[in-house]
Amino acid sequence: MSAAPDTSPEPEAVRLPPEGLVSLTPDVFTEPFWLAAAEHRLVVPRCTTCATFRMPPSAFCWKCRSQGVEWIERPGTGTVYSFTVVRPPLMPDLADTVPHVPAVVELPDTDGCRLIGAMTDCAVSDVRIGLDVELV
């Protein structure tokens, strides 16, 4: 006797919005972050006065108001803090880019710094709060 064929549906894969949808304009405070990202590295700004990490990059430390900053390379790992599943396309031309899953990821060893990014390489049903993720 053979097992019944598996008729369960394939898990729904996460998709990404088209690359040209968003245009970034780095400034003096964010440029080191974007340059490192272009090299597939993650750097996080840290205040040189009080050692507070600050994300997103900003002109002043939120804790001591200093402008001194150093860029600390991090391993590019984190934990999903929050997420949403976007199913209806914003415009008809984006119908093949859904569902996509923007997520807030908490970075380890940065005193709670978080990044916003898009989930990739997984099924929508796999995304959950607390999921360990890696920057790609």
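In the predicted model, Cys 113 is located in the loop that connects strand 4 (102-106) with strand 5 (114-118). Cys 113 has a relative accessible area of 5% and is therefore buried. Setting aside residues up to four places away in sequence, Cys 113 is in contact with Val 44, Phe 53, Arg 54, Met 55, Val 105, Glu 106 and Leu 107. A separation of 9.8 Å was computed between the C-alpha atoms of Cys 113 and Thr 52, which stand 61 residues apart along the chain.

Disulfides number zero in the structure. For Cys 61, the closest cysteine sulfur is that of Cys 50, at 3.6 Å, which is too far for a bond, because a disulfide requires the two sulfur atoms to be within 2.5 Å. Cys 64 likewise takes part in no disulfide, and the nearest cysteine sulfur, in Cys 47, is 3.6 Å away. With regard to accessibility, Cys 61 is buried, at a relative accessible area of 0%, whereas Cys 64 is partly exposed, at 32%.

Aromatic rings were examined next. The count is one aromatic pair. This pair is formed by Phe 33 and Trp 34, whose ring centres are 4.9 Å apart; the planes stand at 85 degrees, so the arrangement is edge-to-face. Phe 33 is buried, with 13% relative accessible area, while Trp 34, with 34%, is partly exposed. A charged side chain is also placed over a ring: Arg 114 lies over the face of Tyr 81, 3.5 Å from the ring centre.

Side chains of opposite charge can pair when their charged atoms come close. Five salt bridges were found in a search of the whole structure. One of them joins Glu 12 to Arg 87, with 2.6 Å between the closest N and O atoms. This pair links distant parts of the chain, since Glu 12 belongs to the segment before helix 1 (31-38) and Arg 87 to the loop between strand 3 (77-83) and strand 4, 75 residues apart. Both partners are partly exposed, Glu 12 at 37% relative accessibility and Arg 87 at 41%.

A salt bridge is also formed by the side chains of Glu 73 and Arg 41, at an N to O distance of 3.0 Å. Here too distant parts of the chain are linked: Glu 73 is in strand 2 (residues 69-74), and Arg 41 is in the loop between helix 1 and strand 1 (42-47), 32 residues apart. The relative accessible area is 44% for Glu 73, which is partly exposed, and 30% for Arg 41, which is partly exposed as well.

Key. Residues numbered from 1 in each chain as written. Predicted model: local features only at pLDDT ≥ 70, side-chain atom pairs only at ≥ 80, totals over all residues. Heavy atoms only, no water. Buried < 20%, exposed > 50% of the residue type's maximum accessible area, 1.4 Å probe, protein only. Helix = DSSP H or I, 4+ residues; strand = E, 2+ residues; numbered from the N terminus. Contact = heavy atoms within 4.5 Å. Phe/Tyr/Trp six-rings, centres within 6.5 Å; stacked < 30°, edge-to-face > 60°. Lys NZ or Arg CZ within 6 Å of the ring centre and 35° of its normal. Salt bridge = Lys/Arg side-chain N within 4 Å of Asp/Glu carboxyl O.
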